[in-house]
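These are my notebook entries on a structure that I examined part by part. The sequence and the model are placed below for reference.

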Amino acid sequence: MAEKPQPVRVLYCGVCGLPAEYCEFGPDFEKCKPWLRVNAADLYPDLLNEDNQKDVDKAAEQLQSVGISSSGDGGGASAAAASGGTSKPEEVKRLPGGKIKKKEKQEVVIEKIVRNKRKCVTVVKGLELFGVKLSDASKKLGKKFATGASVVKGPTEKEQIDVQGDIAYDIVEFLTETWPDVPETAIFFIEDGKKVAAA
C-alpha cells in the first residue's frame with residue numbers, strides 16, 4: 001500500500017505574514033530581515049553574509065580613519081586638527097560591494113515605447129533632478145497635450161512620467177519653456193537603444 005502524502009509545512013514570516021521564501025517580494029523586506037536571520041537563515045544565507053560585510057566595512061572605515069589621522073608629515077595633520085580645523089570630510093555613499101556610488105548626471109531622458117503595435121507611451125525620466133515636482137509636471141503635460149499623464153515607478157524603482165501618445169519631439173520645447181532650469185542640452189532621446197541629444 002502506498003504511503004499517504006503528508007501535508008507540507010510552511011514557515012510564515014512573523015513580520016509580514018507571507019511564507020518566508022516570499023518575504024523578499026513582500027511590502028517591506030528590510031523589516032523582515034532580522035526575523036529571517038533568526039528563523040529562516042537557510043532560506044536567506046545572503047543575509048548572514050550581509051551582516052559580515054557590514055562588520056568588514058565598519059572595520060575598514062576605522063582602519064582608514066586611523067590611517068588618515070596618523071599619516072605623518074611630522075604630525076602636521078594632527079596639529080591642524082588640534083588648532084580647530086574641524087572640517088568634516090565629505091560623506092561618500094557606498095554600494096553593497098564597497099563600490100562608491102556615483103552622483104547622478106543631471107539629464108532628462110525621453111523614450112517612446114510602442115505597445116500593441118499601435119499605441120504609444122512617451123516616458124520622461126530625470127525631471128526631479130532639476131527640482132521639478134513630478135506630480136505638477138504630469139498635470140501640466142496632460143493639459144498641454146490633451147492626454148493622460150501619470151507618475152509611475154520605473155524598472156529601477158525611480159519615478160518617471162508616462163504620457164499617453166507620441167509627443168517625443170513636441171515635448172522638448174514645452175519642457176524648456178515651462179521649466180527654465182532644464183537646459184535643452186540636458187535633454188536626450190532614446191532611439192534604437194542609443195542615447196541621442198535633443199539639442
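**Entry 1: Glutamine 106**

I looked up the accessibility of glutamine 106 and found 49%, so this residue counts as partly exposed, since the exposed class begins only over 50%. I note that the model is predicted. I located glutamine 106 in the loop between helix 3 (76-82) and strand 1 (108-115). I then asked which residues are in contact with glutamine 106 when its neighbours within four places in sequence are left aside. They are Leu129, Phe130 and Ala186.

**Entry 2: Helix 4**

I listed the buried residues of helix 4 (residues 134-144) as Leu134, Ala137, Ser138, Leu141 and Gly142. Because they cover an arc of only 135 degrees around the axis, they lie on the same side of helix 4. I recalled the general rule that an α-helix has 3.6 residues a turn, so residues three or four places apart point the same way. On the other side of helix 4, I found Lys139, Lys143 and Lys144 exposed. I checked what covers the buried residues of helix 4, and the cover includes strand 3, strand 4 and helix 5 (171-178). Just after helix 4, I noted a positive phi of about 50 degrees at alanine 146.

**Entry 3: Strands 3 and 4**

I followed strand 3 (residues 149-153) and strand 4 (residues 159-164), which pair in the antiparallel sense over five bridges. Opposite lysine 153 I found glutamate 159 of strand 4. The hairpin of these strands has five residues between them, and glutamate 157 takes a positive phi near 65 degrees there.

Key: Residues are numbered from 1 along each chain as its sequence is written. This is a predicted model: local features need pLDDT of at least 70, side-chain atom pairs count only at pLDDT 80 or more; totals for chains, interfaces and linings use all residues. Side-chain values use heavy atoms; hydrogens and water are left out. Two strands pair if DSSP finds at least two bridges between them. Helices (H or I, at least four residues) and strands (E, at least two) are DSSP runs, numbered from the N terminus. Buried means under 20% relative accessible area, exposed over 50%, partly exposed in between (1.4 Å probe, protein chains only). Contact means heavy atoms within 4.5 Å. The arc is that of the directions from the helix axis to the C-beta atoms.
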